[in-house]
2 protein chains.
Amino acid sequence: MNRIITIGREFGSGGRTIAKQVAEKLGIPCFDSELLVRIAEESGFDEKFVSERGDTMSLSTVISRGLSGQGYYNYLNTDDHLWEVQRKVICELAEKESCVIVGRCADYILRDKADCLNVFIYADMEKRAERIVNVYGESSDAPIKRLKKKDKNRKAFYEYHTDVRWGDTHTYDICLDSSELGIEKCVEIIASLY
Amino acid sequence: MNRIITIGREFGSGGRTIAKQVAEKLGIPCFDSELLVRIAEESGFDEKFVSERGDTMSLSTVISRGLSGQGYYNYLNTDDHLWEVQRKVICELAEKESCVIVGRCADYILRDKADCLNVFIYADMEKRAERIVNVYGESSDAPIKRLKKKDKNRKAFYEYHTDVRWGDTHTYDICLDSSELGIEKCVEIIASLY
């Protein structure tokens with residue numbers, strides 16, 4: 001059975017960077033934006049849409065869920081279709097090879113299908129605020145507001161599709177504060193557990 | 001400045017065992033029941049009382065808090081006196097030498113006073129239930145009920161005395177699932193972070 005590392009992360013915690021470095025250290029692929037491309041190809045949705053709707057869920061999405069009809073007679077609407085494709089792509093990846101997968105409920109999707117190490121990366125609010133401005137640039141919203149919104153939408157998406165709590169210790173095997181331990185040490189610990 | 005490792009833990013997660021092994025590996029003292037003795041000596045309370053009331057708080061304690069008068073004119077009651085002695089003993093220990101401290105809000109008490117690595121150990125409910133029967137024996141209450149009660153009381157105590165959440169990732173630098181990772185691996189990770 002392949003060994004999969006799934007990485008859940010707070011926005012701005014450096015989870016994506018940690019995932020990439022762990023994969024590099026272990027010589028296995030890391031699926032983050034690479035996952036988007038595959039899901040977009042299989043679903044017919046465009047990458048930006050997959051990026052926005054495949055890992056977060058806004059309150060308006062929750063409310064507006066209904067019969068939007070994407071031509072798949074057995075899917076109720078856009079989000080169900082996207083979820084189904086995403087689930088399928090993640091299962092196929094895990095079946096094919098050992099890898100690191102970032103976000104997208106991979107831990108939950110693979111819970112009975114692969115040998116997973118489930119990691120959650122979090123960090124101090126102030127350090128995350130600094131990081132998102134450095135990595136993604138300024139925006140009209142203040143950094144703290146952006147963080148809270150993105151985390152809330154990730155949490156909503158995760159908890160809509162699973163029966164466990166996003167960011168709660170019991171959902172993961174190990175939870176690491178990247179602002180206290182540092183990116184490098186997080187990478188080292190995760191790789192040592194593989 | 002001394003380096004202190006504080007270990008918060010769910011009941012039955014093996015946190016105490018992990019703490020002892022980490023301390024042994026690092027050649028520093030571990031304060032768990034040793035802490036009780038010191039607190040008992042300084043406070044005048046008996047060890048069993050310190051053990052029961054210095055790390056957990058039952059709902060009846062919360063309700064019955066009032067003027068119980070322990071002869072300390074500036075302490076409102078028994079629990080405040082115990083807390084104050086506990087706080088003092090923990091600060092003195094941290095000032096004296098590097099060590100591992102189990103529970104008792106040490107992470108919060110030392111937040112501005114020492115260089116701390118704050119760890120939380122948790123585990124799968126079923127494995128914890130097995131463990132408490134092995135370690136502490138049977139009791140009239142079913143294991144799961146005992147676990148839930150003890151955790152609830154630890155949480156109540158912690159959150160009464162601090163402004164952060166017990167068992168919440170952000171309260172700690174690292175959170176480890178001992179049932180998934182194993183005691184030995186947890187010890188190795190914590191020691192490597194020291």
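The model is predicted, so local features need pLDDT of at least 70 and side-chain atom pairs pLDDT 80 or more, while totals for chains, interfaces and linings use all residues. Residues are numbered from 1 along each chain as its sequence is written, and side-chain values use heavy atoms, without hydrogens and water.

The interface is summarised below.

| Quantity, chain B and chain A | Value |
|---|---|
| Residues in contact (heavy atoms within 4.5 Å) | 20 of chain B with 20 of chain A |
| Buried area (accessible area, 1.4 Å probe, lost on being put together, summed over both) | about 1600 Å², 57% from carbon and sulfur atoms |

In chain B, the residues that lose the most area to chain A are B:Thr169, B:His170 and B:Asp173, together 31% of what that side buries.

Strands are DSSP runs of E with at least two residues, numbered from the N terminus, and two strands pair if DSSP finds at least two bridges between them. Strand 5 (residues 174-177) of chain A pairs with strand 5 of chain B in the antiparallel sense over three bridges; A:Leu176 has B:Ile174 as its bridge partner. An open sheet of ten strands with mixed pairing runs in the order 2(A)-3(A)-1(A)-4(A)-5(A)-5(B)-4(B)-1(B)-3(B)-2(B). Strand 2 (30-31) of chain A and strand 2 (30-31) of chain B stand at the edges, each with a single partner strand, so one side of each lacks a neighbour in the sheet.

Within chain A, strand 1 (residues 3-9) and strand 4 (residues 115-122) pair in the parallel sense over seven bridges, with A:Gly8 opposite A:Phe120.

Definitions and conventions: Chains are lettered from A and ligands numbered from 1 in the order in which they are written. Buried area is the accessible area (1.4 Å probe) that two parts lose on being put together, summed over both. Helices (H or I, at least four residues) and strands (E, at least two) are DSSP runs, numbered from the N terminus.
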